[in-house]
Every structure is written in structure tokens, then in C-alpha cells.
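Subject: Structure for you to look at

Dear colleague,

I am handing over the structure we spoke about, and my notes on it follow below. Please read them with the structure open beside you.

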Amino acid sequence: MSEAIEDLEGSGPEARRPDPVVRPITLPVIFEALGEGLRDFQAAPLYGLFFGAIYAAGGLFIVLAATRLGMGYLPYPTAAGFALLGPFVAVGLYEVSRRREHGIPLRWRPILQVVLDQRHRELGWMAFVTLFVFVVWMYQIRLLLALFLGFQSFATFREFLGVVLGTPEGLLFLAIGHVIGAVLSLVLFSLTVVSFPLLLDRDVDFITAMITSVRAVTTSPGPMLVWAGIVVVLLIVSLLPAFLGLLVVMPILGHTTWHLYRRLVEPAPAP
């Protein structure tokens, strides 16, 4: 009787799928994935430059809009926070790497269609999570400004830098802001490092994807923290020349993330 009940519970359309299996990795695997990401970009540079240009243009537009509106304090935190949206923007790059991995010809229309189709899938919820963290980041910056610098306005970014770097209150604001930003970035990194490519590759819900992503980080904390550090350094360098560095850095990081996901999560079992 009990065996029959177990059979019924494990069958039917509502049967729970097994959780994705996470594999531990070592530090050399990070650099292997980075090398494969670079090769993907070299093999299909137009796709990488296209998605990198979208990301760079979005960041540049936000910063210029903040400057135009006389919010001199916004360009720096906006530029830093905009990097949090990278995993979502890189969906098209994951698809390019996936197709190259399976030997599928690269064509613009099906790749863009895959990206557009994600709005009807669980990946849309992951985009919401990413945007939520970005909003929290921007809100805490405004709160810290009010606490440490009062409600003074900054007409230009140069004026904002002068106050932040030239006063004790400004330096304290800068220190605490970076600590909070680091915590938020680490949280989002843990939630998204494999969740976006996992949702693109397999039919799982976004909660399972986030849990799998966190498990990937906790299973190999050392190598994953090194990868997080590489991402931060490359993004900082790419942001300096008016976001232009993102044209190259963004696609390389996106392709690398796909190959890292392949090493961290075992393929789905055959049906």
C-alpha cells in the first residue's frame, strides 16, 4: 500500500523535479571558463559588441539624465549600481554561447527571439529581483546622503566629489556607502551567478534557480569570490572611459558566466 502511494506521489505532471546538482570547482576552472568566454567573443564579436553596446548605452543614458536634471550626486552611485543589472542584460550572450556549444548556427533573429521570449518565462522574475536590489542600492545612497551630508543639492558631479572627498562627513558617507554596496553586490552575485543561465537552459522556477546559485557559491566559496573580484575589477575599469570599455568587457563576462555555469551545475538528467 505504501509503495503504491509513493509511486503515485512520484508520478504525474505535478511531480517535483529533482533539484539541479551543483559541483565544486577549483580556481583553475575560473580561468578556463574565462578563456572560453574570450574565445566565444572572438568567434562572434558582432553579437558581443551589440549586447555590450546596449548595456553601455543604458548606463550612459542614466548618468547623463541624472547630470542633466542637476542631480550631481547620482552619476557615481548610478554607474556603480548599473553594473548590478549585467546578468539580465547578458541573456543574449548566454544564448550565443549555448548555440556555439551545441553547434547551432548563429543567426540574429532566433537569438533575439530567445531573448524576447524570456519575458514570458521565469527569467522575468529574476529580472525583477535584480531591479529590486538596484532600487535598494539607490535608496540607501539617498538615505546616507541625508544622514551625513544633509539635504544639500549638488549641481555638478565635481561639486559632489569636492564635498565627499574634502570633508569628514563625506569620507564617512563614502566608506559606509561602499560597505553597504559591497554587501548588496555579494548578495546579488550569490543569487544570480548561475540563476540566469540556468533559467535560460532548463525549465526550473526562479526560486530554485536562486537557491542553486547560492549553493554554487557556498560549495566553492574561494573560487567564486575570486570570480566576483575579477568581475568587479573588470567592470570598474570598463566604466571609467564613459562606459566604452563595456563594449568588450560585458560580452567576455557574459560568455564566461555561461561556461562557468556549465562547470558548476550538472546537465539535466535525460527524461
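A pocket, as the word is used here, is an open set of grid points with protein on both sides within 12 Å along at least five of seven lines, and its lining residues are those with an atom within 4 Å of a point. Please keep in mind throughout that this is a predicted model.

With that definition in hand, the second largest pocket is lined by 13 residues, and those nearest its centre are Phe-51, Phe-88, Val-89, Val-91 and Val-115. Its volume comes to about 260 Å³. At least two lining residues are supplied by each of the helices α3 (45-68), α5 (86-89), α7 (108-117) and α8.

Just after α8 comes Gly-150, which takes a positive phi of about 75 degrees. Helix α10 (residues 168-192), with 25 residues, reaches 36 Å from its first C-alpha to its last, close to the 36 Å expected. Among the buried residues of α10 are Gly-170, Phe-173, Gly-177, Gly-181 and Leu-184.

The charged side chains deserve a separate paragraph. The structure holds 7 salt bridges, and one of them joins Arg-263 to Glu-32, with 3.8 Å from N to O. This pair links distant parts of the chain, since Arg-263 lies in helix α14 and Glu-32 in helix α2 (residues 27-43), 231 residues apart. Arg-263 is partly exposed, with a relative accessible area of 21%, and Glu-32 is likewise partly exposed, with a relative accessible area of 42%. Glu-32 and Arg-263 are linked with Glu-36 in a network of salt bridges.

Helix α6 (residues 91-102) shows another arrangement, in which Glu-95 meets Arg-98 in a salt bridge at 2.8 Å, N to O. Glu-95 forms a salt bridge with Arg-99 as well, the closest N and O atoms being 2.6 Å apart. Why can one residue face both partners? An α-helix has 3.6 residues a turn, so residues three or four places apart point the same way. Arg-98 and Glu-95 are 3 residues apart in α6 and therefore separated by about one helical turn, and Glu-95 and Arg-99, being 4 residues apart, are also separated by about one helical turn. Buried means under 20% relative accessible area, so Glu-95, with 1%, counts as buried, and so does Arg-99, with 10%.

Conventions
Residues numbered from 1 in each chain as written. Predicted model: local features only at pLDDT ≥ 70, side-chain atom pairs only at ≥ 80, totals over all residues. Heavy atoms only, no water. Expected span 1.5 Å × (residues − 1). Buried < 20%, exposed > 50% of the residue type's maximum accessible area, 1.4 Å probe, protein only. Salt bridge = Lys/Arg side-chain N within 4 Å of Asp/Glu carboxyl O. 1 Å grid on protein atoms, 1.4 Å probe; cavity = no way out; pocket = protein on both sides within 12 Å on 5 of 7 lines; lining within 4 Å. Points joined across faces, edges and corners; volume = space filled by probe spheres on them.
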